[in-house]
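Here is a short tour to read alongside the model. Keep the viewer open and follow the topics one by one.

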Amino acid sequence: MPSILIVEDKESLAKMLMTAFQAEGFETAWAENGREGMAKVKKGRFDLVVSDLKLPYHTGLEILEFVKENHPMVPVILMTAFGSIETAVKAVKEGAFDFITKPFEPDHLILLVKKALETQKLMTENMILKEEYSDNLEFPKIIGKSPKLMEVLENVKKVSQNKTTVLLGGESGTGKELVARAIHLISPRKDAPFIAINCAAIPKDLLESELFGHEKGSFTGATEKKMGKFELADKGTIFLDEIGDMDLGLQAKLLRVLEAQEFMRVGGVHQVMVDVRVVAATNKDLEDGIAKKTFREDLFFRLNVFPIVIPPLRERKEDILPLAEHFIEHYCKEMKKELKTLSPEAKSNMTAHPWLGNIRELQNCIERAVILSDREITPQHLGLHSIGTMNDFSENFPLEGGLMEVSGRASKLIESKLIQKVLAETDGNKTKAAEILKVSFKTLHLKVKEYGLE
């Protein structure tokens, strides 16, 4: 429930407001002067502040400035005597949500508070949508019936009701973000924001600012104050994908947030309090990272409170065809095409395929097949060239031509498969893929173009 801080030096008025707010289901706290009000803002996390304009030690305007400095999204409503209306109007121009003139009916203030909270919620949602381009915020549809997937979903149900930190493991493309969204959307935090950020996709020099925000002028290009993902996710969930790629220095700051639920913006001087549930994910062996001193052991133990490992698609073959049919329905609807079916041969090929890129590879395969096929999807439309045993390889691989020609053809096929696998594991990040493959970015770019892997 929303929490409100009342900063008012008259005890009788403060108690009357607390009683009225509590009757509406709000949590309340009281500060009897400006100094105490600032201390409580700094120590606690409130959804809204109601402050008198004239206070001992610090004025309502100073309270407003302090709140906006530390919690830009928290609305402030000022209470003022009739003679100070001009000052109150000035305060609104400086960031106050509104002001109310004494004496007033509590119901009038309650309506103002509800309006402010609703406006704050809409502003936060708009910022999140702008940051995330979030057409993916719909309820996640996790497809499958295999025992291994059912075990994952059972663990999701158990952990979702708590604030426990979750570490999702598994290969790239297995659907870790989908599971993270499910944890959020069946939790008590479902009405608050879900923010996802890929730690590997953002340069380490910018990642700290993305996570924790920055103050104006804190570095070249910081022309205004910016809220970070942790502030946007307040009362909700933040999903940190590819946590194993985070810089060691930033890992220390993340550990502080997990332990104390507070952080400092880049260039800031005040701690920012948040209430955020963290779900992290990795396709790396973090214990190996600890041994190599690229990942902090204390952070690993703080993240690994409730580990969930999502099995690769090849270990839950029962889910391949239901997932394929789901993607066929999705892309046929998106492309406004008649619903297509899978031929028996296509089903057999799909079940036998190793799916090194997991669900992401399957999704891309079906999208291509829907574009190419008429009514029935056949193996030709799928374009799968599985490399299984040597016998399967020799039976399916064209052996016409001389030794050098056949060797070159086989080399290209294996190259293509390896590049496809690494690109799937890095979410299409060619710079990172080139490092893993130990080739230059230019070489990888030419190979991708040559093999039609764009």
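Are α13 and α15 parallel, perpendicular or oblique to each other? This is a predicted model, and in it the axes of the two helices cross at roughly 45 degrees. That angle falls between the 35-degree limit for roughly parallel and the 65 degrees where roughly perpendicular begins, so α13 and α15 are oblique to each other.

**The α13–α15 pair**

- Helix α13 covers residues 320–334 and helix α15 covers residues 358–372, and their axes come within 9 Å.
- The crossing of α13 past α15 is right-handed.
- On the α13 side, the contact is made by Ile320, Leu323, Ala324, Phe327, Ile328, Tyr331 and Cys332. Their partners in α15 are Ile359, Leu362, Gln363, Ile366, Glu367 and Val370.
- By residue type, this contact between α13 and α15 consists of eleven nonpolar residues, one polar and one charged.

**The nonpolar cores**

- In soluble globular proteins, nonpolar side chains tend to be buried together.
- The largest nonpolar core here has 33 residues, and those touching the most other members are Leu211, Phe230, Ile238, Leu240 and Ile243.
- At least two residues of this core come from each of β7 (194–198), α8 (204–212), α9 (229–232), β8 (237–241), α10 (248–260), β11 (277–282), α11 (286–291) and α12 (297–303).
- Helix α10 gives the largest share of this core, with five residues.

**Helix α7**

- Helix α7 (residues 176–185) is largely enclosed by the rest of the structure, because seven of its ten residues are buried.
- The buried residues of α7 are Lys176, Val179, Ala180, Arg181, Ala182, Ile183 and His184.
- These buried residues pack against α6 (147–160), β6 (166–169), β7, β8 and β11.

**Glu105, out in a loop**

- Glu105 sits in the loop between β5 (98–101) and α5 (106–132).
- With a relative accessible area of 58%, Glu105 is exposed, since exposed means over 50%.
- Glu105 and Leu17 are 88 residues apart in sequence, and their C-alpha atoms are 10 Å apart in space.

Methods:
Residues numbered from 1 in each chain as written. Predicted model: local features only at pLDDT ≥ 70, side-chain atom pairs only at ≥ 80, totals over all residues. Heavy atoms only, no water. Axes fitted to C-alpha atoms, helices over the stretch in contact; angles between N-to-C directions. Helix = DSSP H or I, 4+ residues; strand = E, 2+ residues; numbered from the N terminus. Parallel < 35°, antiparallel > 145°, perpendicular 65-115°, else oblique. Left-handed = near helix turned anticlockwise from the far one by under 90°. Contact = heavy atoms within 4.5 Å. Nonpolar A, V, L, I, M, F, W, Y, C, P; charged D, E, K, R; others polar. Core = buried A, V, L, I, M, F, W, Y, C linked by side-chain atoms within 4.5 Å. Buried < 20%, exposed > 50% of the residue type's maximum accessible area, 1.4 Å probe, protein only.
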